[in-house]
Amino acid sequence: MQHITALVFDEFETLDLFGPVEMLGSLKANYSFQFCSMNGGFINSVHGVPLATIAVADLPNPTDILLIVGGFGTRQLIEDSQFLDTLANLANDAKWVLSVCTGSALLAKAGLLDNRQATSNKIAWEWATSQSDKVNWIKKARWVVDGKYYTSAGVSAGMDMALGFISDRQGNDAAVQVAKQAEYRWASDRGCD
């Protein structure tokens, strides 16, 4: 069992989080989730969906996989050194790091994607990629894998990336079965955007 830690913040993009949770959460024998924020308590998505979180300092399980999402809340966090330090610590301790949408901008600003390939939300492309010139940004990609880092394009692309992660870890048949169970048409070509 691997523990997925989702680090969230106010005004996160709802589907950025719950899309991958739906896909990865289908494999209950493989993955469990813990939702955290800097101080714990309820965090609201950009759509006003409240999510109960644990404070990062109180996480009950180690972080095997870090999930960092995007959304309008990333615009303020880019300047929050405490958040970026916390993000870096969690990412460095994790075996895998999955980011959705402008979550990759946060990883880039924290220096975690230096000399790596990554992608991000195409609508926010200029802003996201301006967070670091040390990243080899790949614009034409649904998701990109570089070492332990998986980065995806915007919003719904996070589900495709999550299925790609499942395919890489548990095999393509498992990913196809999860997509079928969700009645989701998986864009399985990570280079097709």
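The model is predicted. The largest pocket has a volume of about 200 Å³.

- In general, strands of a sheet pair through backbone hydrogen bonds, and the pairing is either parallel or antiparallel.
- S1 and S2 run parallel, and 6 bridges join them. Within this pair, Ala-6 stands opposite Phe-35 in S2.
- S9 and S10 run antiparallel, with 4 bridges between them. Here Val-144 has Thr-151 in S10 as its bridge partner.
- S2 is mostly covered, since 5 of its 7 residues are buried.

**Helices on the sheet**

**The largest pocket**

- The volume of the largest pocket is about 200 Å³. Its lining consists of 13 residues.
- Which lining residues are closest to the centre of the pocket? They are Phe-9, Asp-10, Met-38, Ile-43 and Leu-77.
- By class, the lining has 6 nonpolar, 5 polar and 2 charged residues.

**Two loop residues with positive phi**

- Most residues other than glycine have a negative phi. The next two residues have a positive one.
- Glu-11 has a positive phi of about 70 degrees, although it is not a glycine. Glu-11 sits in the loop between strand S1 (2-7) and helix H1 (14-25). With a relative accessible area of 38%, Glu-11 is partly exposed.
- Val-155 has a positive phi near 45 degrees, and it too is a residue other than glycine. The loop that holds Val-155 runs between strand S10 (149-152) and helix H6 (157-170). Val-155 is partly exposed, at a relative accessible area of 26%.

- His-3 belongs to strand S1. Is His-3 buried or exposed? His-3 counts as buried because its relative accessible area of 16% is under the 20% cut-off.
- Beyond its neighbours within four places in sequence, His-3 is in contact with Ser-32, Gln-34, Asn-61, Pro-62, Thr-63, Asp-64 and Ile-65.
- His-3 and Gly-191 are 188 residues apart in sequence. Their C-alpha atoms are 28 Å apart in space.
- Ser-104 is part of helix H4 (residues 103-109). Its relative accessible area is 0%, so Ser-104 is buried.
- Not counting residues up to four places away in sequence, Ser-104 touches Ser-99, Leu-113, Thr-119, Ser-120, Trp-137 and Thr-151. Thr-151 is also the bridge partner of Val-144.
- Thr-86 lies in helix H3 (residues 81-93). Thr-86 counts as buried, at 14% relative accessibility.
- With residues up to four places away in sequence left out, Thr-86 touches Met-38 and Val-56. Met-38 is also one of the residues closest to the centre of the largest pocket.

- Where is Val-49 placed? Val-49 is in the loop between S3 and S4.
- Leaving aside neighbours within four places in sequence, Val-49 is in contact with Thr-14, Phe-18, Ile-43 and Asn-44. Ile-43 also lines the largest pocket.
- Along the chain, Val-49 and Asp-114 are 65 residues apart. A distance of 33 Å separates their C-alpha atoms.

Note on methods: Residues numbered from 1 in each chain as written. Predicted model: local features only at pLDDT ≥ 70, side-chain atom pairs only at ≥ 80, totals over all residues. Heavy atoms only, no water. Buried < 20%, exposed > 50% of the residue type's maximum accessible area, 1.4 Å probe, protein only. 1 Å grid on protein atoms, 1.4 Å probe; cavity = no way out; pocket = protein on both sides within 12 Å on 5 of 7 lines; lining within 4 Å. Points joined across faces, edges and corners; volume = space filled by probe spheres on them. Nonpolar A, V, L, I, M, F, W, Y, C, P; charged D, E, K, R; others polar. Pairing = 2+ DSSP bridges. Contact = heavy atoms within 4.5 Å.
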